[in-house]
Amino acid sequence: MAGNHTLMLIKPNAVKNGFAQNIFLEVHDAGFKILAQKKLQLSKNEAEAFYYVHEGKPFFNSLVEFMTSGPIYAAVLEKENAVAEWRKLMGATDPAKAEEGTIRKKYAESMEHNAVHGSDSDENALNEIFFYFSAREIVNAGGDIYQIHNIVKK
Ligand code: CMP
């Protein structure tokens, strides 16, 4: 069963350029519930940990430098089939290949400065959501932890 939650990041370039509110509006208008959100700035350690799967790749150091260069927004999005739905709205990682009307087509500058992030599977969504948010924060924002874990409450 596909999960109903994903993690969205609005990256430093989009925040600096003043696009965050428009992006949140587009997400809302596309039928996502924004379950929890926060503005924060990643430390080098945190960015390295979040992107550990890319360690060793040629773009890793530059990605970490970019992601720590200013504030970002992290948000938990809720919608049926959230991972795929948010990836469709974001568009391709490389904005040159993103479809018209997608967020990356509108707001991204390059493959690295690509405005937003989304989880690529339900399993990663769970890990990424709990990288940025505690269970307490999600519960206090009205989120159902059982649903986020994609398990049925007994
Ligand atoms: P995202 O999918 O959000 O998370 C990993 C990021 O690494 C990706 O967005 C891009 O910003 C960046 N990235 C992936 N591939 C490349 C690449 N070939 N060159 C530069 N940046 C990349």
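The ligand sits in the largest pocket. Sitting there means that more than half of its atoms lie within 2 Å of the pocket's grid points. A pocket, on a 1 Å grid over the protein atoms alone, is an open set of points where a 1.4 Å probe fits, with protein on both sides within 12 Å along at least five of seven lines; lining residues have an atom within 4 Å of a point.

This is a predicted model, where local features need pLDDT of at least 70, side-chain atom pairs count only at pLDDT 80 or more, and totals for chains, interfaces and linings use all residues. Residues are numbered from 1 along each chain as its sequence is written, and side-chain values use heavy atoms, without hydrogens and water.

Which residues are around the ligand? With near meaning a heavy atom within 4 Å, they are Lys 11, Tyr 51, His 54, Phe 59, Leu 63, Thr 93, Arg 104, Met 111, Glu 112, Asn 114 and His 117.

Now the polar contacts, pairs of N or O atoms within 3.5 Å. A polar side-chain atom of His 117 is 2.7 Å from a ligand oxygen. Backbone polar atoms also take part: that of Met 111 lies 3.0 Å from an oxygen of the ligand, and that of Glu 112 lies 3.3 Å from one.

Notes: Polar contact = N/O pair within 3.5 Å; in protein donor to acceptor, adjacent residues only side chain to side chain.
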